[in-house]
Every structure is written in structure tokens, then in C-alpha cells.
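Colleague: Before we go through this model, could you take me through the terms behind its description?

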Amino acid sequence: MPVPFGVRPFVESDRDEVRALAPRLTEGVAPWRETRAVLAAVRTWVDRSMDAALDADRAAALFVAVDANGVCGFVSVSEREHFAGDLDAYVGELVVHRHAGRRGVGRALIDVAEGWALARGRTRLTLDTGARNAPAREFYQALGYAEEDIRLSKQL
């Protein structure tokens, strides 16, 4: 039987548990990227997302999924201008702990991010994920997300 979980806004006391999930964001990154640099970058993103969520002057939020083991996932959401001028809601990070996978945690976190976006009058929620992160791409596609931009890279 699946372990129940709930989703709520991030609070300062969640910081260490949220930060501990940051390494999951390194999955699916191109193998030619330096592992330590990628990990440092994702930790910085997560720290900035937590700080923004606690700043009342910022259009940003972070939500955590919590089960009997503590924080088992999180999603950060903010607003970001598309190069075409549209102001979209943007998921900066979505992470689910391995032990909580395939229990609906990711979907619940996306649902709350979509609700946040709609409450702010946004009509589009965007996000980025690694081209090699097939499980994440399949997850988002199953929720109705379509790939919009693709970044190409060549070793010189």
C-alpha cells in the first residue's frame, strides 16, 4: 500500500531536506559536463529558489511533498519572460525522492505549480529538462507538456 503524502508551501525548516534532494537534478545531464560543476550549479539553483520563495516581494513559490519520512519532493515555480514577450510561469526544479517515485508525488507537485500559475493569471507553465532524461521527458509528455526548444551542442 502506498505511503500517503501531502503537499504544502516550503518553510525555512525544510531547507536541509530540500537541499538534500538537489543531486537528483544532475540526472540526465549530458555526460561531457563536469559532474562537480553540475552539482554545484543545481545546489545554487535550489538555494536561490528557496530564498525566492521566502521573499514576499518575489513572484516565486516552492512547494514540498511530505510523507512519513519527511520531505519527499519539491517544486519551485516563478515567472519568466519568454523571448517572444509572453510572461509564463516557470518550473525551475521538480524533484521526487527515489523512495517516493511512482506514487503520484511528481504529479501532485506539478498540479500545485499549475494552480499557482493560474492564480497569478498565467496561461502557460514552462520548464526545462535534460535531453537525456528520458523518464522526466516521458513524465511531462504524459501530463500534456510539449517540447518547445531544443539546445544542440558540439565538442570543438
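Colleague: Which residues does valine 77 touch, not counting residues up to four places away in sequence?

Modeller: This is a predicted model, in which local features need pLDDT of at least 70 and side-chain atom pairs count only at pLDDT 80 or more, while totals for chains, interfaces and linings use all residues. Residues are numbered from 1 along each chain as its sequence is written, and side-chain values use heavy atoms, with hydrogens and water left out. Contact means heavy atoms within 4.5 Å, and on that basis valine 77 touches Ala59, Ala60, Ala61, Phe63, Ala89, Tyr90, Val91, Ala113, Trp116 and Leu125.

Colleague: What makes a set of residues a nonpolar core, and which have the most contacts inside the largest one?

Modeller: The name is given to buried Ala, Val, Leu, Ile, Met, Phe, Trp, Tyr and Cys residues joined through side-chain atoms within 4.5 Å, where buried means under 20% relative accessible area with a 1.4 Å probe, protein chains only. The largest such core has 22 residues, and Val77 and Val91 have the most contacts inside it. Its largest share, six residues, comes from H3.

Colleague: Why are S1 and S5 said to stand at the edges?

Modeller: Two strands pair if DSSP finds at least two bridges between them, strands being DSSP runs of E with at least two residues and helices runs of H or I with at least four, numbered from the N terminus. The open sheet has the order S1-S2-S3-S4-S5, with mixed pairing. Strand S1 (6-9) and strand S5 (125-127) each have a single partner strand, so one side of each is left without a neighbour in the sheet.

Colleague: How do you know that S1 and S2 pair?

Modeller: Four bridges join S1 and strand S2 (residues 60-67) in the antiparallel sense, which meets the requirement of at least two.

How values were computed: Buried < 20%, exposed > 50% of the residue type's maximum accessible area, 1.4 Å probe, protein only.
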